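Here is a short tour to read alongside the viewer.

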Amino acid sequence: ILALGMVMVYSATRNLVDDPSYFVKRQAVALVLGVVAFLCILRIDYRKFRDYSLLAYIMVIVLLFGVITPFGSSAKGAQAWYSFPGGFQFQPSEVAKFLLIVALCGYVNEHRGDIDPWRVTMIVTLAIIPIGLVQLQPDLGTNLVFAAILVGLLAVAGAKGRYLLVLVLLAATGIYAVVSLGLLK
């Protein structure tokens with residue numbers, strides 16, 4: 001699959017710049033970094049992540065806030081990346097997806113079996129802050145993933161169906177308001 005992906009990148013980009021393999025080289029570097037990260041994470045017992053849930057949440061906030069400051073770079077109307085030398089870009093919202101799961105799971109683990117309306121409100125509040133920071137970029141796609149993470153986590157955590165229904169209705173109301181007010185670009 002990886003080789004097929006590299007062939008597709010070459011096929012789609014060989015005529016875009018002077019060096020036909022420029023984008024393939026970039027993809028290969030990203031592939032190697034991804035495999036190294038995969039192998040490092042594979043060696044960690046996933047249950048130990050919950051010990052770092054507060055750190056994960058702080059990292060989410062710092063990464064997402066930093067990208068909307070002058071440290072972040074803008075492209076096509078969205079300020080959602082950090083640019084590094086060599087043409088590499090880092091989109092913190094991709095890492096924030098994983099870190100948000102770790103952070104929220106840590107909170108849910110502390111209150112296992114006690115997911116009442118107050119706990120649901122706290123979980124939603126913890127998720128709303130990163131969602132708001134992503135919306136400032138703006139990146140609706142990532143926010144939809146964050147929302148799916150939130151609902152999935154609440155469902156797995158044992159939140160009652162009526163709590164989830166209330167959240168879905170609130171979300172539908174918010175979506176309707178955003179669309180009717182013309183806030184989407």
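On the surface, Val29, Leu33, Phe84 and Phe88 form a nonpolar patch with about 370 Å² of accessible area together. Such patches are made of residues with over 30% relative accessible area and no salt bridge, where nonpolar side chains (Val, Leu, Ile, Met, Phe, Trp, Tyr) are joined within 5 Å and like charges within 9 Å. A salt bridge here is a side-chain nitrogen of Lys or Arg within 4 Å of a carboxyl oxygen of Asp or Glu, and areas come from the Shrake-Rupley method with a 1.4 Å probe, counting only the protein chains shown as cover for residues.

This is a predicted model, in which local features need pLDDT of at least 70 and side-chain atom pairs count only at pLDDT 80 or more, while totals for chains, interfaces and linings use all residues. Residues are numbered from 1 along each chain as its sequence is written, and side-chain values use heavy atoms, with hydrogens and water left out.

Confidence, given as pLDDT (the predictor's score for each residue, from 0 to 100), has a mean of 84 in the protein, and 98% of residues reach 70 or more. Strand β1 (residues 73–75) has the lowest mean, 74, and helix α2 (residues 22–42) the highest, 89.

The protein has seven helices and three strands, in the order α-α-α-β-β-β-α-α-α-α from the N terminus. These are DSSP runs: helices are H or I with at least four residues, strands E with at least two.

Several residues are partly exposed, the class between buried (under 20% relative accessible area) and exposed (over 50%):

| Residue | Relative accessible area |
|---|---|
| Phe84 | 46% |
| Cys40 | 47% |
| Cys105 | 36% |
| Ser21 | 24% |

Phe84, from the patch, lies in strand β2 (residues 78–84). Ser21 sits in the loop between α1 (2–13) and α2; its C-alpha atom is 9.7 Å from that of Ser11, 10 residues apart along the chain. As for the cysteines, the whole structure holds zero disulfides (pairs of cysteine sulfur atoms within 2.5 Å).

What about the interior? Buried residues make up 29% of the 185 residues.

Methods:
Buried means under 20% relative accessible area, exposed over 50%, partly exposed in between (1.4 Å probe, protein chains only).
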